[in-house]
Amino acid sequence: MSGAARGVTDDAIEDPVLAATGVQRRYPLSRGWSWGRRDVVAALRGVDLQVAAGERVGLVGTSGSGKSTLLRCLLGLERPDRGTVSLAGRTVQPGSTASLRWYRRLVQYVPQDPAGSLDPRSTVRELVTVPLRHLHVPGDHAAAVTTALTRVGLDPELTDRRPGELSGGQAQRVALARALAPGPVLLLADEPVSGLDLPVRDQVVQVLADLSAREGLGLLLVSHDLAVVARLCDRTVVLADGLVVEEGPTTDLLTRPAHPRTRDLLAAVPTLPA
Amino acid sequence: MPRRGWVTAASRAVTVLGVVALIGVLPWLSGRSPELSILRARSAEQEATPEALAAIRAELGLDAGPLGLLGHWVSGLLRGDLGTSWISGGPVGPGLVEALGVSVTLMGAALLVALGTAALLCWPPLHRVARGQRGRTGGAAGAALTALPEFLLASVLLLVGAVWLGWFEPYGWTGPSSVVLPALAMGLPGGGLIGRLVADGLTVTGTERWVATWQVAGASPGQLGRALLRRTLPALTTQVALVLVGLTGGAVAVEQVFAIPGLGRAVLGAAEAQDLPALQAGMLLLLGISALFGGLAALTRALLLGRALRSGSVPVPARTSPSRRRDRLLPGGAAALLVVVVAAGLGRDPLASAHPRLAAPSAALPFGADASGRDLLARVAHGAVQTVGTAALVVLVTLVVGVLVGLLPRASVGPVEVANAAPPVIVGVLVAAALGTSQAGAALAVALVAWAPIAAYVAAASAEVRRQRHVTVLPVLGVGPAAVTWRYVVPTVLPAAARNAVLRLPGIALALAALGFLGLGATPPAPEWGLLLAEGMPYVERAPWAVLAPTGALVTASVLAVSLSGLSRRPRRPAGPVAVPPGTTAPSPAQPAAVG
């Protein structure tokens, strides 16, 4: 695992398993004061999920199934009402910036619309340096920027450009390089290719596939697009109404879905790639 | 969320209590020892011996310290005792209640004028939009004239309606005819502003998709018009409330010009005479009226919106159209005119009494001379430099304070609301009572209220920046809250906030002039515009040019202020942070990310 070797020498972890155990999360529905009970919506109703080192897991579900909330809990951005999130047994929960540095070096995030997640005023070098500097990653940051750009197949000559001067595909790769820079062992990706046109989408999927195959990078891919999940993930977890309703090897799940909600998801896909 | 609700509520409560406490300790705050002036006011013969002064101090309870004073004042208020005048020795309550009646009558009449003006201004766009045509934003030129500051409009109306035409009473409070001019002076500016806002709002609303849907469905112009108003007005209630609250400030200026025995004039008189108990009680009554107006506006908003307010499902109005070249013609022309006057007069001496008293305009004296034989062109030009200089300083202070406070959107709710609602004139009276009258005091008074719109803007714009994807991702990259604020939010918000602050410069200059006019700012012989106007007023019949020179300059500045404020509401780049009309409350911060 080249990533772990580069970034986390000080707190190396033997068997990094990201685990959510019995995670529950509710949101109040209305804002302001109302008499009597406040309406709540249960986004997560006790979710168990594990991602082992180097594993590629797809998390699928319709809108409103709780995918994004689970991801926010897994990222330590939101505290579960019940249950825990942990990495290799160490609890992960919202707290000070310093208290989560170890975790953010090991687990990074590729947001939805990665290009939109790039500060338009910064250069590519500045963008990729942000996690290196703020996560206190030791070593030569300039070299780490070059390495990260090379890993996603970008020309290091681009370092002085700003997001506005990049093509769609290049911007997506910069966002990916930024997530890879601190040397994570696991990437959490939230619909990383939704809303992209097909050529760009294929490029990004290809980069993700190469990284996990070549470097053993773990991946939790949140998506409602089963075609992307089928191409990237070994195992798939189906979330519906805040609960895991089915999980298993991706090929089994896509060919012999057991749960009605999984069948609904499959029915919504006109054709699957061979 | 309950915790956020508590911060906001606590912020409001602390601010209101703070203001009341500030008024309560005014006698202690007032650095100038009042006992000597009180002694002089009570009796001309009595010697100002240390014993006599000490006796007065003891009698007024000035040695009790701030907490003692506050306790005494509050306990009196709770018993219904508004205090005892330092000058007359009698209770201040009855006189002030009588003045309150006069002021409320005047404000009611002004409100009618304001609503009538607003209705006239927004009828054309409503008519157009309800018939499916594209609306146009409010006629800038017409609206600019109705948006003159009250003290200036009052002077102009007095000049035209009472002195030249002789139709109305120039002074006093004798009957229905005394109400007309003051009500016009107070109501027109506010009505002009409301009308302009509603007209602009209707035009924007007219571009929303539901309007086309209704038209296709066969809604009549009447139905559509009602729906358009219902959709547009709730967003403007905050603004309308500010205009209503502004009537209390207008009352001070207008009552002073027309010598009306109302609350505003009583407060101003009490500040001049250093009758602090009368000032305290008057202030409390004025603030009470403000709070009443604010509450009424909130109630109206709740009634108009109903359940939509609580569920947070009110749609956000579309962004306004980018400014057209025509919109820049007016401010450009006004600015050029001011520059020409300043360039012509700056080389002349504003203080030397080198000319005949009240000399008429001539080639040598283009604006004529004032009552002391001073060159009015020189005085107007130097006044512009002095006023603009002070205003620029105030702008800088308000920008710094506004940005810092705006970054704490929830905790700053109370101070922002109070500062937004407090008319500069009222704050000017308080500052003058505490620190004496000076240009610096006037600048302080204006700065005390002028930061609030900037803070409201920064709060709204930074909430918007914090919701952008490139900022929401930062915590995952290890960027802490302080770094997010200083490296990402502030640099993004600052340029627009600075532009917003600079565009307010003419408005701030006018506020300074208003304080100068009322004797709360610059002191003679400074060539300050408001002071020039006040000095010329007694000679308005014999030498109208003594009033026309400063009036012309102030009108030009008003046109500049109003047309610039129109520009500030139309962002040039649609991609930038949303420009929020000054004074609107910040939208509430982002909800937790949407579920699933």
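I started at A:P28, which stands opposite A:V40 in β2(A). A reminder to myself: this is a predicted model, where local features need pLDDT of at least 70, side-chain atom pairs count only at pLDDT 80 or more, and totals for chains, interfaces and linings use all residues. Residues are numbered from 1 along each chain as its sequence is written, while chains are lettered from A and ligands numbered from 1 in the order in which they are written.

**Chain A, the sheet**

I then looked up the pairing of β1 (residues 18–28) with β2 in chain A and found an antiparallel pair over 9 bridges. For strands to pair, DSSP must find at least two bridges between them; strands (E, at least two residues) and helices (H or I, at least four) are DSSP runs, numbered from the N terminus. The open sheet holds 4 strands of chain A in the order β2-β1-β4-β5, with antiparallel pairing. Its edge strands, each pairing on one side only, are β2 (40–51) and β5 (90–91).

**Chain B, the overview**

I counted 24 helices and 0 strands in chain B. Of its 596 residues, 49% are buried, meaning 20 or more other C-beta atoms within 10 Å of their own; exposed means 12 or fewer, partly exposed in between, with C-beta atoms placed from the backbone.

**Chain B, a loop residue**

Next I visited B:L407, in the loop between α16 (376–406) and α17 (413–421) of chain B. B:L407 counts as partly exposed because it has 18 C-beta neighbours inside 10 Å. Leaving aside neighbours within four places in sequence, I found B:L407 in contact with B:V458, B:S462 and B:T485; contact means that C-beta atoms, placed from the backbone, lie within 7 Å.

How values were computed
Contact = placed C-beta atoms within 7 Å.
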